[in-house]
Structure formats: C-alpha cells, structure tokens
Amino acid sequence: MYKQDTIAAIATPPGEGSIAVIRMSGGDAERIAARIFFRNREENNKLQSHRLYHGTVRDPKTARAIDEVLLAIMRQPRSYTGEDVVEIHCHGGAFVTEQMLQLVLSEGARQAQPGEFTKRAFLNGRIDLSQAEAVLDLIRARTDRGAALAVDQASGNLSHWVGGLRSELLNLVVQVEAAIDFPDEEIELLKRPELAQEISALADKILDISRTYELARLFREGAKVCICGRPNVGKSSLLNALLGEERVIVTAIAGTTRDVIEESISLEGLPVVLWDTAGIRDSTDEIEQIGVRLARDYLEKADARIVVIDGSLPLSAEDTELVVATNGPRALIAINKSDLPESLSEDDLKSLGCTIKYCRLSAKTGAGISELKQALRNLILDKEIEFSPVAITNLRQRSALQRTENALRHSAESLREGFAAEFVAVDLNEAREALEEITGLINNEDILDKIFSNFCIGK
C-alpha cells in the first residue's frame with residue numbers, strides 16, 4: 001500500500017505556455033485549496049465537485065496574490081486517482097508555476113513521485129495495471145496507429161480479454177480441484193482427454209495474442225532503422241532527405257559523421273527511428289574507430305538496415321563486405337547519387353549473390369526518396385497489417401502470457417501422461433497467477449515501482 005498523504009505536482013510540461021496545471025491528490029487537497037484560493041464575496045465551502053471556479057491564489061501568510069486562476073475540485077471516488085483531487089489552472093510561466101507549486105507544498109502537500117497519480121489510480125481500483133501502462137503508451141505515442149493501440153488498451157480491451165481467459169482457466173482449475181477433493185470419483189470428475197484438449201485450446205488463444213507483440217511494439221516504440229555504408233556515400237545526406245530538413249552536417253570530407261545521430265519519422269502511421277552511423281572502414285584514427293564500432297553495434301540491433309552505396313562509382317571492397325554481411329530479408333540497398341553518371345549496375349549486385357531489394361535515388365535532388373520510404377515500410381511490415389482485436393504492447397505483458405501458455409501446455413501434457421491431479425493443479429494455478437499479473441490482480445512492489453517510474457511527474 002501507500003502513504004495516505006496528499007501529493008502535488010505540476011501536471012503540464014515545463015517551459016512557457018498559456019496555461020499550467022498544478023494537481024493535488026489526497027485527503028488534504030481540498031483543505032489546502034481552501035487556504036490559498038479566494039473568490040470575491042464568495043465562500044470556498046460552497047464549491048461543488050467537477051466545476052471550474054474563478055478566483056485568486058494568495059499566500060495565506062502574507063495575503064500576497066500569486067496569480068489569477070481557475071480551480072476545480074473532483075471529490076472521491078469520481079476522480080482520476082479515486083481520492084479527492086484539486087487542479088489549479090494558472091498562467092503558464094515557469095516562475096509563476098513553480099511559485100504555485102511551492103505554496104501548495106508549504107501548506108502540507110508532498111512532491112509527487114513520477115507516475116504516482118496513476119499508481120494511486122491503480123491501487124485504488126480506478127484502473128488495472130494494463131490500463132496504467134496504456135496511459136504511458138498514449139503519452140509517448142508518435143503516430144495515429146500507436147495512439148489508437150494505447151486508447152484501446154486504456155479503455156479496457158485487454159483487461160476484458162484477460163478476464164475472459166481467467167474465467168475459462170478458473171473453470172478448468174475447479175474441475176481438477178474437485179478430482180483432488182474427491183479422489184474416489186476422479187474418473188467421473190476428471191475426463192483427461194477432453195480436459196487436455198480444452199487446456200490446449202486455451203493455450204492456443206494465448207499464443208495468438210502473444211504473437212501480436214512484435215507488430216504492436218513497432219507502433220509503440222518505433223522501428224529501429226540503421227543507415228550504414230562506407231564513408232562519403234551520402235548517408236547523412238540521405239538522413240536529411242528522409243527528414244525533409246538539414247539535420248546533419250554534410251561535407252565532401254570522408255568521416256565527417258563520428259557519432260550515431262538519431263531522428264524519427266512516420267511512414268504512413270508507422271513510427272521509425274533512424275540511426276545515421278559513421279562510415280564503416282578500417283581506420284587508424286582512434287575516434288573514428290570508436291564511431292565504426294558503434295555503427296556495427298547499431299547495425300546488429302536494428303529492425304531494418306539501409307545500406308547506402310555510391311552509384312556513381314564501382315563497387316569497392318568495403319561496399320561488397322557490407323552488402324554480403326547484411327544480405328537478408330531486413331535490409332535495403334540505397335544506390336545513391338543517381339544525379340551523376342551511373343557506374344553500378346544490377347548485374348554487379350547479382351554477382352555478389354545478393355537478394356536484397358534496392359532503390360536508386362539521389363539524396364541531393366530528392367529523386368527516389370518517396371519510393372525508398374514505401375519500400376522501407378513494406379520491408380518492416382512485410383504486408384499491410386490488420387491488428388487483432390487485442391494486442392500486446394510491452395515485454396512484461398508478453399512475458400506473462402508466455403509463462404501462462406507454457407504452464408498450460410505442461411498441464412495438458414501431465415493429463416495425457418496420467419500424472420496425478422495435484423501436479424496438473426500446480427501448473428494450472430501457475431498459469432492463472434501469470435495471467436493475473438497482466439492486469440495486476442497479483443503484483444510485485446518492485447515491478448510496480450519500475451512501471452510507474454517511467455511516467456512523468458504529475459501523471
């Protein structure tokens with residue numbers, strides 16, 4: 001559980017803006033508001049829940065006005081956290097906002113930890129753990145599709161699906177437990193072939209949803225794409241062309257890029273994280289060697305790779321080595337500098353035994369960039385995607401489902417092998433516990449701390 005105190009934080013992003021919001025939650029939230037909020041000829045004890053009121057925030061010790069504000073009280077249980085919540089809407093200057101927060105803290109509130117408002121919503125039963133994770137996914141969404149996935153999960157789609165599976169699983173547990181309680185009747189109570197088939201069917205359902213993780217992860221986190229090649233083939237120019245802006249310094253000097261430069265784009269709703277890496281070659285320069293090692297590391301962990309080759313020159317040994325090393329279904333060759341006379345043919349690539357698709361383009365003029373973007377999206381997704389009604393968006397959820405499936409498969413095998421009902425019950429209950437971790441029916445404090453620490457302060 002958590003301390004029954006009152007927390008406060010700035011709920012809007014830092015910096016200047018037209019409006020900033022200071023949020024409080026806890027038993028003293030309304031008392032603190034009554035101490036600092038003043039209305040002309042009106043009393044604060046007449047404030048109604050879920051309405052906005054205009055007034056002035058003053059320091060009660062000096063009566064000095066801090067700002068003209070709007071204030072809202074949302075009394076429990078009809079609030080985000082399930083506690084009394086107060087929001088103060090003030091002008092969005094950094095100084096005024098900080099003054100407002102410090103005043104609230106001086107009146108007895110505590111600075112909230114990252115994600116503490118949402119954690120309280122979970123602990124008070126307003127949302128379950130999968131919905132809490134969806135709140136963070138929605139905040140971090142980069143595209144329409146990513147936001148839609150988060151909204152679906154926040155609305156309880158995954159929770160409803162898990163609840164249905166849990167009901168099926170409990171029915172199976174009841175059958176096995178009955179056979180344990182009445183051993184003389186086991187043959188009638190525990191129809192092993194039929195029960196093993198039911199358990200396997202349930203495991204298949206779970207496997208189908210587990211398989212949605214990789215696709216959902218791409219829309220949640222973004223596909224990682226490494227732009228690689230030897231020096232001076234136009235990798236940084238290609239990054240600029242894909243972004244549509246001059247993000248990276250481009251010169252005719254080989255080895256200009258030393259570090260990994262990361263930027264993001266959207267390919268028809270698919271978020272893509274682009275890594276522009278140092279030119280890969282043998283070098284005696286210590287700093288360049290570090291850049292080359294980084295380039296190779298990022299090449300290994302990328303979801304897809306764009307190998308850039310200078311089409312105005314014959315293939316070099318460095319080009320050949322990189323093409324052969326990346327040859328596979330998750331790579332594209334970008335034959336750059338199509339605005340110059342061509343010196344690289346399709347036959348040159350075929351002679352390497354290369355099966356990678358390629359695009360001819362000019363990062364300088366922009367020719368072929370649209371075709372590269374479409375080819376890259378097709379490469380990452382393989383085909384036009386259709387999401388299942390329920391999708392798994394993070395590794396914790398997939399891990400819990402995998403453990404659920406494995407325990408179910410083991411219990412079905414135990415039934416077929418004629419093991420005692422007690423062994424089957426252990427596996428089924430292990431599957432139930434793993435499934436309940438998804439929505440937080442069973443939780444671990446360390447896991448909760450890790451999940452909510454990823455939130456911003458004030459959410």
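Predicted model: local features only at pLDDT ≥ 70, side-chain atom pairs only at ≥ 80, totals over all residues.
**Leu376 and its surroundings**

I looked up Leu376 and skipped its neighbours within four places in sequence: Leu376 is in contact with Val225, Leu267, Ala304, Ile306 and Leu332. Contact here means heavy atoms within 4.5 Å. Residues are numbered from 1 along each chain as its sequence is written, and side-chain values use heavy atoms, with hydrogens and water left out.

**The core**

Next I checked the largest nonpolar core, which has 34 residues. Such a core is a set of buried Ala, Val, Leu, Ile, Met, Phe, Trp, Tyr and Cys residues joined through side-chain atoms within 4.5 Å. Buried means under 20% relative accessible area, exposed over 50%, partly exposed in between (1.4 Å probe, protein chains only). Leu376 is among the residues with the most contacts inside this core, and so are Val225 and Ile306. Elements giving two or more residues to the core include helix 9 (213-221), strand 8 (223-228) and helix 14 (369-381). Helix 14 gives the largest share, seven residues. I read helices (H or I, at least four residues) and strands (E, at least two) as DSSP runs, numbered from the N terminus. Another core, of 32 residues, lies apart from this one and has Leu195 and Leu415 among its members.

Then I traced an open sheet of six strands, order 9-10-8-11-12-13, with mixed pairing. Strands pair if DSSP finds at least two bridges between them. Strand 9 and strand 13 (357-360) are the edges, each pairing on one side only. From one strand to the next, the twist averages 25 degrees. I found strand 11 and strand 12 running parallel, joined by six bridges. For angles, axes are lines fitted to C-alpha atoms, for helices over the stretch in contact, and values run from 0 to 180 degrees between N-to-C directions.

**Tyr53**

Is Tyr53 buried or exposed? Tyr53 counts as buried because its relative accessibility is 9%. I found Tyr53 in strand 4 (residues 52-58). Leaving aside neighbours within four places in sequence, its contacts include Phe37, Arg39, Gln48 and Val69. A polar atom of the Tyr53 side chain lies 2.8 Å from the backbone nitrogen of Gln48.

Key: Polar contact = N/O pair within 3.5 Å; in protein donor to acceptor, adjacent residues only side chain to side chain.
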